[in-house]
Amino acid sequence: MSLDEREALYDGVNTDGKFLRRPMSPHVEIYRFRLSMALSILNRISSVASAAGFGLAITWLGALAAGPKEYKRAQRVLNNPVGQLVMVGWSVATIYHFVAGIRHLIWDEGKRFEKKQIDEDGRVSVAVTSGLSVLLIGAVWALSRCRKTREQG
């Protein structure tokens with residue numbers, strides 16, 4: 001597209017029929033990828049992952065209610081390394097979505113809208129998500145180890 005063709009796209013007519021110069025929208029190249037952009041995308045992805053994980057949890061509860069044979073099969077899937085990785089991913093996604101929800105509640109109050117505050121809160125939400133995830137996964141792992149030790153001895 002030549003410069004003249006691009007210039008022609010800015011010319012328009014308003015509802016009264018008068019010629020006007022349309023505003024130029026910014027080009028994609030001028031945007032710098034920011035943490036808040038990544039966290040916004042991650043919040044949407046984590047909501048889908050969290051909902052899918054709750055579907056798996058309901059399936060697990062259904063297996064528990066169906067009887068020992070189905071429950072044992074569900075436990076075999078969950079004790080598989082891939083199943084455990086899925087559970088860790090679900091936990092992290094749910095925790096991040098929870099933390100991001102709190103961030104949005106603060107914004108709903110009309111607070112912390114400055115660019116610097118948004119960046120600071122983004123880093124804090126990543127740190128809180130990491131800390132809570134390590135705590136939760138560590139607690140589940142420790143409880144699992146205690147249970148296995150009690151069953152063996």
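Buried, in this briefing, means a relative accessible area under 20%, while exposed means over 50% and partly exposed lies in between (1.4 Å probe, protein chains only). By that rule D119 is buried, because its relative accessible area is 16%. The model described here is predicted, so that local features need a pLDDT of at least 70 and side-chain atom pairs count only at pLDDT 80 or more, whereas totals for chains, interfaces and linings use all residues. Residues are numbered from 1 along each chain as its sequence is written, and side-chain values use heavy atoms, with hydrogens and water left out. Helices (H or I, at least four residues) and strands (E, at least two) are DSSP runs, numbered from the N terminus.

**Salt bridges**

- A salt bridge is counted where a side-chain nitrogen of Lys or Arg lies within 4 Å of a carboxyl oxygen of Asp or Glu, and a search of the whole structure finds five of them.
- Side chains of opposite charge can pair when their charged atoms come close.
- One of the salt bridges joins the side chains of R21 and D11, at 3.6 Å from N to O.
- This pair links distant parts of the chain, with R21 in strand β2 (residues 19-21) and D11 in strand β1 (residues 11-13), ten residues apart.
- D11 counts as partly exposed, because its relative accessibility is 44%.
- Another salt bridge is formed by R34 and D119, whose closest N and O atoms are 2.6 Å apart.
- R34 lies in the loop between β2 and α2 (35-66) and D119 in helix α5 (residues 115-152), so this pair ties together parts that are 85 residues apart in sequence.
- The side chains of E120 and R112 also meet in a salt bridge, with 3.5 Å from N to O, and salt bridges that share partners join R112, E120 and D121 into one network.
- E120 is partly exposed, with a relative accessible area of 30%, and R112 is partly exposed as well, with a relative accessible area of 29%.

**The backbone at R112**

- R112 is placed in the loop between α4 (81-108) and α5, and although R112 is not a glycine, it has a positive phi of about 65°.
- Most residues other than glycine have a negative phi, and most peptide bonds are trans.

**Aromatic pairs**

- Rings of Phe, Tyr and Trp (its six-membered ring) pair if their centres lie within 6.5 Å, and the pair counts as stacked with planes under 30 degrees apart, as edge-to-face over 60, and as tilted for the rest.
- The count by this rule comes to three aromatic pairs, among them a stacked one between W107 and F113, with 6.3 Å centre to centre and 20° between the planes.
- W107 is buried, with a relative accessible area of 18%.

**Surface patches**

- Patches are made of residues with over 30% relative accessible area and no salt bridge, like charges being joined within 9 Å and nonpolar side chains (Val, Leu, Ile, Met, Phe, Trp, Tyr) within 5 Å.
- Accessible areas come from the Shrake-Rupley method with a 1.4 Å probe, and for residues only the protein chains shown count as cover.
- Lys and Arg count as positive and Asp and Glu as negative, while His and the chain ends are not counted; the place of a charge is taken as NZ of Lys, CZ of Arg, CG of Asp or CD of Glu.
- A patch of positive charge on the surface gathers K69, K72, R73 and R76.
- A nonpolar patch on the surface is formed by F33, M37, I41, L42 and I45, which together have about 490 Å² of accessible area.
- F33 has its place in the loop between β2 and α2 and is exposed, with a relative accessible area of 58%.
- L42 is found in helix α2 and is partly exposed, with a relative accessible area of 42%.

**Separations along the chain and in space**

- L42 and A100 are 58 residues apart in sequence, and their C-alpha atoms are 9.5 Å apart in space.
- V134, which has its place in helix α5, is exposed with a relative accessible area of 62%.
- S125 and G83 are 42 residues apart along the chain, and 26 Å separates their C-alpha atoms.
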